[in-house]
Amino acid sequence: MKGLVFREFLEMVEKEYGYETVDTIIEKSEVPSEGVYTSVGTYHHSEMFALVTELSKITKLDADKLLFTFGEYVFGVFTKAYPVFFVDKKSSFEILADVEGTIHVEVLKLYPEAELPTFSIEEETTDMMVMIYRSQRKLADFAEGLIHGCAKHFDEKITVSKEYIEQDGTVVSFRITK
Ligand code: HEM
């Protein structure tokens, strides 16, 4: 996982819970990087789970919920950092349909070591979309947060229902309705 994702995560934690919490989760999680992340560096995704686990102990919020919140937050960061993906886009479905074929393709050009999930659109109508998430990193809660962040960006109200196709979380179906 790219350092920039870790940096955004720690920034969110600092904003929400203060710098001491950032310090504590880095120390308690004993992550190999010791919390020093360069934007272009690559770190094992288990560091993210370790940090989230420690944050969950402090905040008493489920790790799933924290990953979701981080996804929603980081989408806002993406809209500012990569405005090019949003030119001429009028709805969340247009962006979501573009993640696999365009957005993540460009991300890979920028960061060839990025570890990205794959998404396939199984069904799409004007107000409903079914997307299948596949990833060995099992970050479906993060993906769900990104989907909500995307809808928020367009001021849309959506409902997302999640179905585990593989119980270990490597294949998850999202049904998004407007
Ligand atoms: C402008 C929009 C977007 C940008 C710039 C972007 C970029 C990125 C980057 C840089 C990573 C980290 C790769 C790594 O750490 O190695 C990532 C991961 C990820 N992205 Fe995107 N992304 C965007 C939109 C989305 C959307 C809308 C979704 C959800 C449908 C999504 C789903 C994910 C997931 C779930 C991961 C975590 C990796 C995994 O699950 O295996 N992304 N993305």
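Student: In this predicted model, how far does a backbone N or O atom of E115 lie from an oxygen atom of the ligand?

Tutor: E115 is among the closest of the residues surrounding the ligand, and the atom that concerns us belongs to its backbone. A polar contact requires a pair of N or O atoms within 3.5 Å. For E115 the separation from the ligand oxygen is 2.8 Å.

Student: Which residue is the only protein donor of the iron atom of the ligand?

Tutor: The residue in question is one of the closest to the ligand, a group that also includes K2 and E115. Its position in the fold is within helix 5, and its NE2 atom is placed 2.1 Å from the iron. The sole protein donor is therefore, with donors counted within 2.8 Å of the metal, the residue H104.

Student: Which helix gives the largest share of the shell around the ligand?

Tutor: Several elements each supply at least two residues of that shell, namely helix 4 (63–81), helix 5 (92–110), strand 2 (128–134) and helix 6 (140–153). With five residues, the largest share comes from helix 5.

Student: By class, how many residues of the shell around the ligand are nonpolar?

Tutor: The ligand is surrounded by 27 residues. Among these, two are polar and three are charged, while the nonpolar class numbers 22.

Student: Turning to charged side chains, with which residue does E11 form a salt bridge?

Tutor: The model has ten salt bridges by the rule applied, and the one made by E11 has its closest N and O atoms 3.8 Å apart. Both partners lie in helix 1 (residues 3–17), four residues apart, which is about one turn of the helix. The partner of E11 is K15.

Student: Which side chain is joined to that of K57 by a polar contact?

Tutor: K57 has its place in helix 3 (residues 46–59). The contact spans 3.1 Å between side chains, and the partner of K57 is E54.

Conventions:
Residues numbered from 1 in each chain as written. Predicted model: local features only at pLDDT ≥ 70, side-chain atom pairs only at ≥ 80, totals over all residues. Heavy atoms only, no water. Near = heavy atom within 4 Å. Polar contact = N/O pair within 3.5 Å; in protein donor to acceptor, adjacent residues only side chain to side chain. Nonpolar A, V, L, I, M, F, W, Y, C, P; charged D, E, K, R; others polar. Donors = N, O, S within 2.8 Å, 3.2 Å for Na, K, Ca; no water. Salt bridge = Lys/Arg side-chain N within 4 Å of Asp/Glu carboxyl O.
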